[in-house]
Amino acid sequence: MSNSRDKILAAVKQNQPPASQLPDLAPFISGAPASLEAFRKVAEGMGSHLLEVTDEAEIPALLHEHYPDMEQVITTDPLLHARAATFDWLTGDGRQLQQADLAIVRAQLGVAENGALWLTEKELQVRVLPFIAQHLAVVLDINTIVPTMHHAYEKIGGPQTGFGVFIAGPSKTADIEQSLVLGAHGAKSLTIIIKK
Amino acid sequence: MNTAIKDHAELAEAFNANEPRVNWHDETLWWVRQKRDKMAWSIPEWETLRETASLIKHNVLGNLHAYLEEFERNAQQNGAIVHWAADAEEHNRIVLELLQQQGVKRMVKSKSMLTEECHLNHYLADHGIEVIDTDLGERIVQLAKEPPSHIVLPCIHKKKEEIGDLFHIHLGTPAGNADPQFLTAAARLHLRSEFIQSRVAITGVNFAVAETGEMVVCTNEGNADMGAHLADVHIACMGIEKLIPQRKHLGVFLRLLARSATGQPITTYSSHFRTPKPGQQLHIVLVDNGRSRQLGREDFRNSLKCIRCGACMNTCPVYRRSGGHSYHNAIAGPIGAILAPNLDMKEYADLPFASTLCGSCSNVCPVKIDIHQQLYKWRQVLVQDGQTNAAKTAGMKMMTTVLSRPGLYRFAGKMARWVMRVAPGVVSNRFNPWYKQRELPPPPAESFETWYKKNR
């Protein structure tokens, strides 16, 4: 194995072209600040559903109204849902979440140009949570919406956790004759709750 | 050209047997190309983004040795185990050994064109291990015992009725049901049980960041995440050219990838895998398989910038009308036709000729690979290497003779117009490959030269 390593590295070193400079990404960082309306338009285009609250205390009732028939609700913050599951869902290899109907989590930031939300292992606690739950609700502070992916990475900085993901809309596929179907393997719906 | 293996023209002929199907294939892919255009036009700095992405990748090619070492060091610090495979055979052997260590006979895999390139599924099947492809399109072609025909849209060549029949046979859905919504729901149930049971998951890699040792995997379905987060062992397979220098460069590539591929602003999931989850093993297999050789070919090394978006296929007039399978290579279309001859010049000698050289591929490429120029250059390399057939060489020599003698050229043109007028069957018959799937236009009454003399 180490032999192949040395062989590959030697071949690469011998064949690689002269080194060149990296381009400057700073020009991409300028531009207009993000607007909620821009974020909303793209996020809805990606299949997300947007709700707005001014006080987090409104969220449990709003979610109950929006997702009335959820048997198992998993939330990383018990204050976000009145009937959140109380079993020890944090322990296990992820399979303990296979009955999850609704997961409620918080995002670190949102991206206006593509409606994506940045979530890490810190918020998710169990990596598979936003994928395995049948439906996903994400709380996003309006002040964390950035214009583009460049701004997002600038804000995110270096990795703080072992896993992070941009999620833009519900899981989808168009593999059968290019017909768009929501709910391929991950969450069938994504509701973004904007905290103003 | 090898006569034992069917070449692009012969395979395209089979695809062209069903004309309505070809028209549908053509229109569907053109529609995807148009979605890409709408996205590109909505970003004022689109061209700057393409140029920036190309420059970043150029920097990667020039520093690949250092970036590979940096990536390996950081990945190991993150707790991953890094393997190096010189070729497809070694890649397959490494994966097999990992699976045998775990004692598994069945496992899930998300989309990885690299494992297609290495024919991993067949290799593992020969060793008694079943791979379940979990991307819906890939699962469909797997059930049909076919390779993917497109790197982003694996079953773009299939009609929903055929998929309904496949699901009826393999998944027990009701006969005759071809509703995409219904079939997708059936696949979701079927593959959920595979995800839950699988102890090992293989994923591909879209981007690997040297600075952080992390890997980014992009899907719309969430299948890579369902597999990797539930498994005890995650094996990520990647070509050595997938590296990018720093995390901030992801911003450039994630803006370009999905917009170029399917006309979406971003894929649903862009997952950043850095450390294994607690109790999990993370293996990264770095594969060369001819890439270091391509790096040394000055005319062709830019092909290694490819981010596998498929835009060049969607726009290609030849791909759209000949189908992905006619390229008899894991990666079809214009990009496949410049990557494949590096793997085997003899077997893939036909592919650089499966192009009109119109240049549309280069115009849509998000990392500005000069695809059509490389196609043209490969033709020269292949002819000099004696990889083209004798009839073509003879034809070219005859053309050279005619085109270099104005008198002979004028005479030949006059003869050709006369023959096509009085005896069109001499030209329009099955012995003329240009007559296949085409009708020749009526011959002009006079040559352009004659017309120009009268009208200038």
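Residues 95-194 of chain A are 16% helix and 37% strand, and their end C-alpha atoms sit 30 Å apart. Helices here are DSSP runs of H or I with at least four residues, strands are runs of E with at least two, and both are numbered from the N terminus. The UniProt record, an unreviewed entry, places the feature "domain: LUD" on residues 95-194 of chain A. UniProt positions follow the numbering used here, feature names are shortened, and annotations may be inferred rather than shown by experiment.

The model is predicted: local features need pLDDT of at least 70, side-chain atom pairs count only at pLDDT 80 or more, and totals for chains, interfaces and linings use all residues. Residues are numbered from 1 along each chain as its sequence is written, while chains are lettered from A and ligands numbered from 1 in the order in which they are written.

Chain A as a whole has 7 helices and 11 strands. Its C-alpha atoms fill a box of roughly 65 × 45 × 40 Å along the principal axes. Of its 196 residues, 48% count as buried. Buried means that 20 or more other C-beta atoms lie within 10 Å of the residue's own; 12 or fewer means exposed, anything in between partly exposed, with C-beta atoms placed from the backbone. Among contacts in chain A with a separation of 6 or more, 73% join residues 24 or more positions apart. A contact needs C-beta atoms, placed from the backbone, within 7 Å.

Now follow the strands. Strand β4(A) (residues 109-111) runs antiparallel to β5(A), joined by 3 bridges. Strands pair if DSSP finds at least two bridges between them. V111(A) stands opposite A116(A). The hairpin has 4 residues between the strands, and G115(A) takes a positive phi near 70 degrees. β5(A) (residues 116-120) is mostly covered, with 4 of its 5 residues buried. β5(A) also pairs with β8(A), antiparallel, over 4 bridges. There, T120(A) faces G164(A).

β8(A) leads across to the other chain. It pairs with strand β9(B) (residues 269-273) in the antiparallel sense over 5 bridges. I167(A) has Y269(B) as its bridge partner.

In chain B, E221(B) lies in the loop between β6 (214-219) and α11 (223-230). It counts as buried because it has 30 C-beta neighbours inside 10 Å. Neighbours within four places in sequence aside, E221(B) is in contact with residues including S171(A), H185(A) and D135(B). The C-alpha atoms of E221(B) and D135(B) are 7.1 Å apart, although 86 residues separate the two along the chain.

Helix α3(B) (residues 46-62) has 17 residues and reaches 25 Å from first C-alpha to last, close to the expected 24 Å. That expectation is 1.5 Å times one less than the number of residues. Its buried residues include L49(B), I56(B) and L61(B). The buried residues of α3(B) pack against α4 (64-77), β8 (243-244), α12 (250-261) and α13 (291-295) of chain B.

Conventions. Contact = placed C-beta atoms within 7 Å.
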